Amino acid sequence: MQRIKKGDTVLVIAGKDKGTRGEVLRVLPKADRVVVERVNIVKKHQRPVQAGRGQMQPGRIEFEAPIHMSNVMLVCTQCSEATRVGFRVTEDDKKVRVCHKCGKDID
Ligand SMILES: [Zn+2]
């Protein structure tokens, strides 16, 4: 069971984007990393591409690089606080995430 899922809102608690909230775009479970909207933006210079008539296309792309899961905290959907995540098993044997701050289910 994952602590953080795609579509969650998280708060960045370390690194250059500390304090930023954003939506989780991708989870990389094996690497323990997440890609968060507008967080850890990397500018990459591509080699200029020759585009017809000798024109050079501007070769710069920006994208969100993955950050480690330990650098983010889940923002609770119920109380909007960044929180540690607990788990509980419901009556119908489903595992749901629980907010440590307000005690409510997050899923
Ligand atoms: Zn909460």
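**View 1. D107 is a partly exposed residue that meets K5 in a salt bridge.** The relative accessible area of D107 is 45%, where buried means under 20%, exposed over 50% and partly exposed in between (1.4 Å probe, protein chains only). This is a predicted model, in which local features need pLDDT of at least 70 and side-chain atom pairs count only at pLDDT 80 or more, while totals for chains, interfaces and linings use all residues. Residues are numbered from 1 along each chain as its sequence is written, and side-chain values use heavy atoms, leaving out hydrogens and water. The side chains of K5 and D107 come together at 3.1 Å, N to O; a salt bridge here is a side-chain nitrogen of Lys or Arg within 4 Å of a carboxyl oxygen of Asp or Glu. K5 sits in the segment before β1 (9-12) and D107 in the segment after β12, so their bridge ties together parts 102 residues apart in sequence. K5, too, counts as partly exposed, at 28% relative accessibility.

**View 2. Around D107, a network of salt bridges comes into view.** Its members are K5, D8, R97 and D107. V96 makes a handy landmark here: V96 and D107 are 11 residues apart in sequence, with their C-alpha atoms 6.0 Å apart in space. V96 belongs to strand β12; helices (H or I, at least four residues) and strands (E, at least two) are DSSP runs numbered from the N terminus. V96 counts as buried, at 11% relative accessibility.

**View 3. Here are two further salt bridges, E37 with R38 and R60 with E62.** In the bridge of E37 and R38, the closest N and O atoms are 3.2 Å apart. E37 is partly exposed, with a relative accessible area of 26%, whereas R38 is exposed at 53%. For R60 and E62, the closest N and O atoms lie 3.7 Å apart, and E62 is partly exposed at 46% relative accessibility. Across the whole structure, the search finds 6 salt bridges.

**View 4. Four cysteines hold a zinc ion.** The protein donors are the SG atoms of C76, C79, C99 and C102, at 2.2 to 2.3 Å from the zinc ion; donors are N, O and S atoms within 2.8 Å of the metal (3.2 Å for Na, K and Ca), and since water is not among the atoms, sites may look incomplete. The angles among the 4 donor atoms run from 103 to 115°, and the site is tetrahedral (four donors with all angles between 85 and 135 degrees). Along the chain, the donors follow the spacing C-x2-C-x19-C-x2-C. C76 and C102 link distant parts of the chain: C76 is in the loop between β9 (72-75) and β10 (82-83), and C102 is in the segment after β12 (95-99), 26 residues apart. C76 is buried at 2% relative accessible area, while C102 is partly exposed at 31%.

**View 5. T90 and D92 join through their side chains.** Their polar contact spans 2.7 Å; such a contact is a pair of N or O atoms within 3.5 Å, and within protein one must be able to donate a hydrogen and the other to accept it, with residues adjacent in sequence counting only if both atoms are side-chain atoms. T90 lies in the loop between β11 (85-89) and β12 and is buried, with a relative accessible area of 13%.

**View 6. K95 lies over the face of F87.** The distance to the ring centre is 5.3 Å; a charge sits over a ring if NZ of Lys or CZ of Arg is within 6 Å of the ring centre and within 35 degrees of the ring normal.

Technical notes: Four donors count as tetrahedral if all angles lie between 85 and 135 degrees; four count as square planar and six as octahedral if opposite donors are over 155 degrees apart and all others between 65 and 115; anything else is irregular.
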